[in-house]
Amino acid sequence: MKDSAYAYGAELLDSLRPIPLKLSEKATYVKVDSAMHTRYLKTIQNLSQMAYTGYYPFKYWEYGPYYTTYSYNALEGERLRVGFLTTQGLMKKTRFGGHLAYGLGDEQFKYRGKITKYYGFKKWRYFEFEHLNDFKILSASDNAFQEDNILASLTRRVDPKYTHTIRSRFTWSHEWQKGINNAITLNTERLIPIGSLTYTTPKDESVNELNIHSVKIGGRFALHEKFIQYGFRRLSLLTTKPRINYAYTHGFKVENTGFEFQKVEIDIADRYYFGYLGFLDLKLFGSKIWGQLPYPLLLNHQGNDSYYFDNEAFNLMNPFEFVSDQQVSVIGKYNFNGLVFNRLPVIKKMHLRSFLFARGVYGSLNDKHEKLILLPDGLTALDEPYLETGFGIENIFKIIRLDFIWRLTNVSSSDLQQFGVTFDIVPNF
């Protein structure tokens, strides 16, 4: 019995040995391998990576994001920027990154520097320190265009309101298992109004800057979440289970600067399948602030100043239009998954997909906050729930998505856009 098992094992090992190549096959293999390392194909590979990540790779560092090299806005005029990230070719577990920008109109330099030290890749774990001195749009979502993205310059519906932000931030992030992690962030920040933004007290006194000192503890719970990892990057493939993100922030004073406050945030996202009828993506978000704060630190509802669709924002709401100290919102999208267009003979060959969506938010604001800083013109509390809805078509030429949106509430002003068409670039090959 032992001899037969040994013989089977030897046969198995022998079957796993490389099969000898014939001379012609070896020559073909060498040619293919050599071709894959030519400068031309390497450039094509690098350009493909740049299109996906925004960075053009070299051996030790990457240049980018390329779409922020040149942009323009009403405040800075033309803006030039150079940025970089290091690769594992330089250091295996430490990444450096940053940018330097210059406005030709305001003649000011802006910059950002970041260092990330990884102590786990199989389980995503790292320490990170960042220092920023630049102009930011505080009411923009994390999914929005960067302020200096050239497409943001080309597709804006309204002029953005910037805040000069000087921030130092330290983050510790620890993944316990795939999809379950926690993070602690220490943050100190100076907000300086620029352009049309002002910080004015009820006594008509101007405030030059606001200081914030805070600690944020948060995490994510998404069982069985899967990822694709390469180098210092990791892409989530999501999960069939609900995804929960949560955070608690505590603000405090340091040497009589800053504000005492507490903030709780939670969002839950999930997908529900209905067989051949399609599927529904649903996201619920709630947050509440305790304490007395000036408007830049409250819940400035995330609007969109661009014709480019933002998955995380209200796309016909202007940034800095509404503010609350407690709110609940819902985002829903029903994808027919070919149920409609597949029944149309000509359209079916184009593989188009249709969907319906609706987004709403309800919030309230306590009058006590304006005892610190008055709300600027155009920024108000929500008088009624905000709601927008519409339909869309995606997979146009396998890359374009179009959304047709109607704003249903808070439309008393004729200056507000009540209908709009937005686009998105969603490759689907």
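**Exercise 1. A histidine with a positive phi**

Decide whether His224 is buried or exposed in this structure, and then find which loop holds His224.

Solution. His224 has a relative accessible area of 52%, so His224 is exposed; the word exposed stands for over 50% relative accessible area, buried for under 20%, and partly exposed for what lies in between, with a 1.4 Å probe and protein chains only. The structure is a predicted model, in which local features need pLDDT of at least 70 and side-chain atom pairs count only at pLDDT 80 or more, whereas totals for chains, interfaces and linings use all residues. Residues are numbered from 1 along each chain as its sequence is written, and side-chain values use heavy atoms, with hydrogens and water left out.

The next step is the position of His224, which is in the loop between β10 (210-221) and β11. Helices (H or I, at least four residues) and strands (E, at least two) are DSSP runs, numbered from the N terminus. The phi of His224 is near 65 degrees, a positive value in a residue other than glycine.

For a second case, turn to Asn410, which has a positive phi of about 50 degrees and is not a glycine either. Asn410 is in the loop between β21 (400-407) and β22 (419-425), but with a relative accessible area of 8% Asn410 is buried.

**Exercise 2. The faces of helix α3**

Work out which residues of α3 are buried, and which are exposed on the other side of α3.

Solution. Begin with the length: the 15 residues of α3 should span 21 Å at 1.5 Å a residue, and the end C-alpha atoms of α3 are 21 Å apart, which agrees. The expected span is 1.5 Å times one less than the number of residues in the helix.

Then list the buried residues of α3, which are Asn46, Met50 and Thr53. Seen down the axis of α3, these buried residues fall within an arc of 85 degrees, so they line one face of the helix; the arc is that of the directions from the helix axis to the C-beta atoms. As a general rule, an α-helix has 3.6 residues a turn, so residues three or four places apart point the same way.

On the other side of α3, Tyr40, Ala51 and Tyr52 are exposed. The buried residues of α3 pack against β1 (56-57), β11 (227-230) and β12 (233-236). Just after α3, Gly54 takes a positive phi of about 90 degrees.

**Exercise 3. The second largest pocket and Pro57**

Find which residues are the closest to the centre of the second largest pocket, and then describe the surroundings of Pro57.

Solution. The second largest pocket has a volume of about 270 Å³. On a 1 Å grid over the protein atoms alone, a pocket is an open set of points where a 1.4 Å probe fits, with protein on both sides within 12 Å along at least five of seven lines, and lining residues have an atom within 4 Å of a point. Grid points are joined across faces, edges and corners, and the volume is the space filled by probe spheres set on the points.

Of the 16 lining residues of this pocket, Gln49, Pro57, Phe58, Glu62 and Thr87 are the closest to its centre. Helix α3 (residues 39-53) gives the largest share of the lining, four residues.

Now look at Pro57, which lies in strand β1 and is buried, with a relative accessible area of 9%. When residues up to four places away in sequence are not counted, Pro57 touches Asn46, Gln49 and Glu62, where contact means heavy atoms within 4.5 Å. The C-alpha atoms of Pro57 and Thr43, 14 residues apart along the chain, are separated by 9.6 Å.

**Exercise 4. Phe127 and Leu298**

Compare the contacts of Phe127 with those of Leu298, leaving aside in each case the neighbours within four places in sequence.

Solution. Phe127 lies in strand β7 (residues 125-136) and counts as partly exposed, at 35% relative accessibility. The contacts of Phe127 include Ile115, Tyr119, Phe170 and Trp172. Thr171 is 44 residues from Phe127 in sequence, while in space the two are 5.8 Å apart, C-alpha to C-alpha.

Leu298, in the loop between β15 (279-291) and β16 (299-300), is buried, with a relative accessible area of 6%. Among the contacts of Leu298 are Ile289, Val323, Leu365 and His369.
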